[in-house]
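Hi everyone, thanks for making time this morning. Let's have a look at this one together, and please jump in whenever you like.

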Amino acid sequence: MNHYPMPFRSKSRFCTQLATFLILLLSLLHIPKHVCASSGDNDSEIFAVATISDINRLINTVSLYALLEIDVATGVVLEDKHLISFSNYLDYQWVGAGKTAYVYPGKIATFIAEKINSGTKPEDISLLVIKAFESGAFLVDLEMDAAVEEELRMKVGAYLVGEFEYHEEADGKFVPLMEINQAKFFFSSHYNGNRNHVNAVDFLAEFNPLPEEVIHMIESVALVHNGHVDTLSYPEPTGKGPIPFERLNFTVSDIANSGFNATFGQIRNPFGMWSDFTSHRNFSSTKNNLLVNGFALKKIELGLQVDRNFGPLKVTAALVHGRLGRTAPLFRENEDGRLDGVLRAVFSRRAVNFGVSGYFAELGLRRTAFGADFSAEAGKFLIGAEVVYQRNQEFAKLTGLDDLAKSASSVAGYFQVDYAIGPKLHAYGFYDIWNFYLDGSLVHHPVFRAFHGLRYYVFKNVRWTMVEFGYMDHRQFDEGKVHFSTQVEVTF
């Protein structure tokens with residue numbers, strides 16, 4: 001929001017004209033006209049927040065609602081910077097974790113207006129909103145709530161990332177690179193036909209004409225095999241009929257008033273946390289390596305996912321097609337001919353989340369992964385950590401290298417932290433360590449990587465990673481070790 005000159009804020013006529021203008025503007029944008037009525041009129045409006053585009057839409061709506069409820073005598077205008085921490089919280093704790101949040105924007109706006117009207121500083125609003133959000137104050141109870149949202153609403157959004165990068169290749173040469181790092185288009189809709197959210201349907205299509213480039217990953221290792229140096233690696237699978245979507249699924253909520261939600265289609269693997277704080281959001285060797293089990297734990301899957309909340313505990317189970325590999329494009333055929341199982345449980349309380357996950361390849365115990373993760377919002381800090389153990393007892397069978405090793409395993413983990421230096425300037429750090437074992441013996445050395453960056457929030461929908469520096473100890477593995485980049489992210 002822009003600042004309005006102080007002399008005008010004291011004139012009721014101008015405020016009335018401003019409110020009228022906003023009503024007309026919102027009606028043109030297809031936002032319900034009742035946003036400018038009393039708070040009780042829009043308390044029942046529901047937003048399904050499943051993408052970063054939805055986050056911006058929610059923040060925009062909350063800001064407009066709050067503007068009309070904040071007492072002009074306070075002299076306060078709610079700005080983008082006052083809700084950045086709340087936006088980041090939704091990004092990394094909800095959308096980045098593959099979860100959908102059903103929220104009341106009107107209730108959030110009323111909460112903000114009441115706090116400001118009672119003397120709370122705008123700079124403290126995000127933290128208070130996050131605490132109230134975690135207590136469930138703004139969340140829709142899918143089992144109890146009788147919402148009035150009756151019609152199918154289609155929302156369209158976009159995410160575009162431009163980057164200049166300077167990094168070291170595997171041969172030691174430094175390469176400058178300017179590129180469109182990724183482009184996504186979101187299409188989503190929410191339908192609640194029987195007014196009580198039972199059997200409500202959400203549809204999400206995340207179209208990737210330019211899928212994110214996965215770089216600096218541990219995909220091969222040099223080993224002495226049969227008296228000479230050989231390279232162990234798993235090729236990305238090929239197939240017919242690729243689907244250029246990262247997510248393409250529909251969810252039925254509160255099935256038959258049971259509290260269970262089911263999602264079918266192309267989903268993000270529910271194992272652990274999804275987004276890193278780094279500019280690319282996928283730098284973790286802990287979950288991105290292919291060497292142990294032949295698959296990455298951070299990957300796109302085709303399958304069926306079922307979840308249910310038991311108070312502060314959320315339990316998720318998924319049956320997926322088990323494709324080797326990591327990211328889109330996914331293939332329509334189940335060419336691998338197997339199914340994998342994923343289990344996850346998360347306990348959330350007061351902006352703190354504890355999670356445990358399990359991955360069972362071919363629904364067995366021969367190729368498995370188990371993880372534990374933690375994330376929290378504490379004042380100006382947003383932190384997260386994850387540790388993962390992987391074991392493959394079919395390594396020889398999978399690689400055909402019986403004389404090299406019978407089994408492979410790894411113990412790995414990462415820690416990340418985001419700190420708000422100021423309302424718009426954030427600093428982050430990401431620290432990842434990964435170990436690779438063959439028949440219980442450590443191969444070469446632990447692989448360590450550290451990334452640090454400064455991120456500036458130009459507007460609510462423009463985020464600039466001013467500089468990111470990464471160092472990767474990839475000796476005897478497959479990538480260079482130095483990374484510099486600057487990146488601009490735009491969300492619509």
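Let me start with a definition: the expected span of a helix is 1.5 Å times one less than its number of residues. Keep in mind, too, that this is a predicted model.

Now take helix 4, residues 52-67. It has 16 residues, and from its first C-alpha to its last it reaches 23 Å, close to the 22 Å expected. Buried here means under 20% relative accessible area, and 14 of the 16 residues of helix 4 are buried, so the rest of the structure largely encloses it.

On to helix 7, residues 125-134. Seven of its ten residues are buried, so this helix is also largely enclosed by the rest of the structure. Which residues of helix 7 are buried? They are Ile125, Ser126, Val129, Ile130, Ala132, Phe133 and Glu134. Their packing partners include helix 5 (84-93), helix 6 (105-117) and strand 14 (340-349). Just after helix 7 comes glycine 136, with a positive phi of about 90°.

Next, two side chains for you to zoom in on. Arginine 308 sits in strand 11, residues 300-310. Its relative accessibility is 15%, so arginine 308 counts as buried. A polar atom of its side chain lies 3.1 Å from the backbone oxygen of serine 258.

Finally, histidine 483, in strand 24, residues 482-491. At 0% relative accessibility, histidine 483 counts as buried. Its side chain makes a polar contact with the side chain of glutamate 468, at 3.2 Å, and another polar contact, of 3.2 Å, joins it to the side chain of serine 485. Beyond its neighbours within four places in sequence, histidine 483 is in contact with residues including His167, His216 and Phe283.

Methods. Residues numbered from 1 in each chain as written. Predicted model: local features only at pLDDT ≥ 70, side-chain atom pairs only at ≥ 80, totals over all residues. Heavy atoms only, no water. Buried < 20%, exposed > 50% of the residue type's maximum accessible area, 1.4 Å probe, protein only. Helix = DSSP H or I, 4+ residues; strand = E, 2+ residues; numbered from the N terminus. Contact = heavy atoms within 4.5 Å. Polar contact = N/O pair within 3.5 Å; in protein donor to acceptor, adjacent residues only side chain to side chain.
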